[in-house]
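Me: I would like to go through the labels given to some side chains here, and the rules behind them. Please set each value against its cut-off.

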Amino acid sequence: MKRTLHCAVLALGLSLLAGCGFHLRGMSAPLAPLSFSSISLQETGSLDEALKVALQRDGRLSLSSPAEAVFRVTGEESRKDILTINRGGKVNEYLLVYRADATVQRRQDDAPLPLSVVVRRELSYSDADVLGKEREEAMLWADMRRDAAEQLIRRLSYLPKPGTDGHAKPASQP
């Protein structure tokens, strides 16, 4: 009896998760189709490995050297700002901010199209755990780079169609 009730509660929980649209990370349905099927990564800096992993996970694009589009990282910025301090004037939390600017140049486009991503994370701080906090900070920076790379790849599906300026045209008045 107890086991049957346990299985029923588990089945109910799973059906609620499935009904609300929950998907495991990386398992969601593909986004809108892209206007190109191959891409070349050039000058990607510290995002190189994360971009390759994100492209493999996405599956819509292949990496090749004579590609239909060229992806370049034009700038990266990492900041560590003080978020909160205690009454004694010591830091309690930091705000880590990572910004990545990139461009995509498709064959059909006259100029490269800009992409930009900002990722933020909070990091608590304690003088007693300096070594552990350094390791946690390094892990957060790596996670932020992975997140930025995945966001940049997802944003490729929102690029304007070739031959348009990306702005909606106003409806004509009669």
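**Salt bridges and exposure**

Reply: A salt bridge joins the side chains of Asp143 and Arg121, at 3.1 Å from N to O. Asp143 lies in helix α3 (residues 130-155) and Arg121 in strand β5 (residues 113-124), 22 residues apart, so the pair links distant parts of the chain; helices (H or I, at least four residues) and strands (E, at least two) are DSSP runs, numbered from the N terminus. This is a predicted model, in which local features need pLDDT of at least 70 and side-chain atom pairs count only at pLDDT 80 or more, while totals for chains, interfaces and linings use all residues. Residues are numbered from 1 along each chain as its sequence is written, and side-chain values use heavy atoms, with hydrogens and water left out.

Me: What makes the contact between Asp143 and Arg121 a salt bridge?

Reply: The rule asks for a side-chain nitrogen of Lys or Arg within 4 Å of a carboxyl oxygen of Asp or Glu. The N to O distance is 3.1 Å, so the pair qualifies. By this rule the count comes to 12 salt bridges.

Me: Why is Asp143 called partly exposed?

Reply: Buried means under 20% relative accessible area, exposed over 50%, and partly exposed in between (1.4 Å probe, protein chains only). Asp143 has 23%, and is therefore partly exposed. Arg121, at 22%, is also partly exposed.

Me: Why is Leu14 called exposed?

Reply: Its relative accessible area is 52%, so Leu14 passes the cut-off for exposed. Leu14 lies in helix α1 (residues 2-19).
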